[in-house]
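Subject: The structure I promised you

Hi,

Here is the structure we talked about, ready for you to open and turn around. Have a look at it first, then read on.

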Amino acid sequence: MDLSQEEFELIQSLLESQLTPFGFESSPLLIKWYNEQVDKKFKFKSIHEDSLAFCVTSTSEMFERGFLPFVFESGICRDLRNALDESIGFYLKKMCQDLQNYQPIFYRDSDLEPGTRRPAFLAQTAAHVSGVAYYYHPSEIIQSAKREGIPLPWSEEDQQGRVYGVSIHHKYGGWFAIRGLIILQNVKYKSLQQTPPPDVVESIQLKVKLLNDFNFSNWKNWNYRDIIPVHPKMKYSQLQRKYFETEPKLRYDSLHDELKQSWLNLKEM
Ligand code: B12
């Protein structure tokens, strides 16, 4: 079906009302924008190019407003060691149930394409083309640095391993995550206008620093997330940081009491 502007706005406000309370945000894109950026093996081949999709991101609030209630309230968390992925799936599935007329499908950032070890979708590309966060891809940055004679802080040996790219949000810096992609398979919305994400890391020097912090300094020092100034309220809480710093299989057992206490405190507020 071709969507009218009113219907599009309705879908957007439905998504907003269902996702915002749990610390998620969404931003629209057309499948062709995504397909134009990725190699053949990553393209969505069986989905119409004008199909409407939404890139779903989480803010710092998702941990306390979405994740903790899912673990301690819903009673449906099956494997507490995989609780985060389960909670993302829970909210995306719930969202899709409200969009049944549009033949929705969703992928989580951790999902793999069946039968392969490839991610089901490239989260950073989806976020970039939907305007959510600028994707600082190493190839372009390394070339510019070399052209301008800016030294690279990592060695050739480090670079053999591969330098990975990183997305930065204009408001949240690196204090967010890209959680999913919802595709409305029978909805075409050709008139959607693409908004480029703001390139907030302005100099090549800072872009090189960003790649270095993301790849070569221990990511648990959280430095790369502060490449632009971010309001303290928009950063992850100490408990959330501790949770992500803990190895997934140990997270639940070692942090259970603290997580529960934090959830109880929030409930009382
Ligand atoms: C596999 C994976 C890893 C692997 C390998 C990393 C990698 N990038 O390949 C490992 C285990 C090392 C890893 C580690 C981490 N990861 Co990781 N990882 C992923 C995952 C699941 C897939 C990435 C992937 O395989 N990409 C494949 C390659 C080929 O893609 P690519 O380099 O982007 O190139 C393609 C396109 O981008 C396009 N392209 C080329 N040039 C350009 C230019 C532009 C502008 C655009 C738009 C596109 C484009 O063409 C290419 C192919 O066709 C993603 C989630 C997801 N579903 O995407 C998270 C993800 C990239 N990881 C993330 C994070 C945070 C981390 C860690 C900090 C740990 C953590 N989870 O907290 C560390 C940091 C890295 C480090 N220091 O080790 C975040 C990054 C968030 C951000 N702000 O960018 C993601 C998006 C997950 C999320 N939920 O948000 N990760």
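This is a predicted model: local features need pLDDT of at least 70, side-chain atom pairs count only at pLDDT 80 or more; totals for chains, interfaces and linings use all residues.

Let's start with strand S6, which covers residues 177-188. Strand S6 is mostly covered, with 10 of its 12 residues buried. Which strands does S6 pair with? One of them is strand S2 (residues 51-58), which runs antiparallel to S6 and is joined to it over eight bridges.

Next up is helix H4, which takes in residues 83-97, 15 residues in total. From first C-alpha to last, H4 reaches 21 Å, close to the 21 Å expected at 1.5 Å a residue. Its buried residues include Leu84, Ile88, Tyr91, Leu92 and Met95. Glu86 and Ser87 are also among the buried residues of H4.

Now for the salt bridges: the count comes to 10.

- Aspartate 50 and lysine 32: their closest N and O atoms are 2.7 Å apart. Aspartate 50 sits in the loop between helix H2 (31-37) and S2, while lysine 32 is in helix H2, so the pair ties together parts that are 18 residues apart in sequence. Aspartate 50 is buried, at 8% relative accessible area, and lysine 32 is partly exposed at 24%.
- Lysine 207 and aspartate 199: here the closest N and O atoms are 3.1 Å apart. Lysine 207 counts as buried because its relative accessibility is 10%, which is under 20%. Aspartate 199, with a relative accessible area of 33%, is partly exposed.
- Aspartate 213 and lysine 209: these side chains meet at 2.6 Å, N to O. Both belong to helix H8 (residues 204-215), and being four residues apart there, they are separated by about one helical turn. Aspartate 213 is buried at 7% relative accessibility, whereas lysine 209 is partly exposed at 39%.

Happy exploring!

Methods
Residues are numbered from 1 along each chain as its sequence is written. Side-chain values use heavy atoms; hydrogens and water are left out. Helices (H or I, at least four residues) and strands (E, at least two) are DSSP runs, numbered from the N terminus. The expected span of a helix is 1.5 Å times one less than its number of residues. Buried means under 20% relative accessible area, exposed over 50%, partly exposed in between (1.4 Å probe, protein chains only). Two strands pair if DSSP finds at least two bridges between them. A salt bridge is a side-chain nitrogen of Lys or Arg within 4 Å of a carboxyl oxygen of Asp or Glu.
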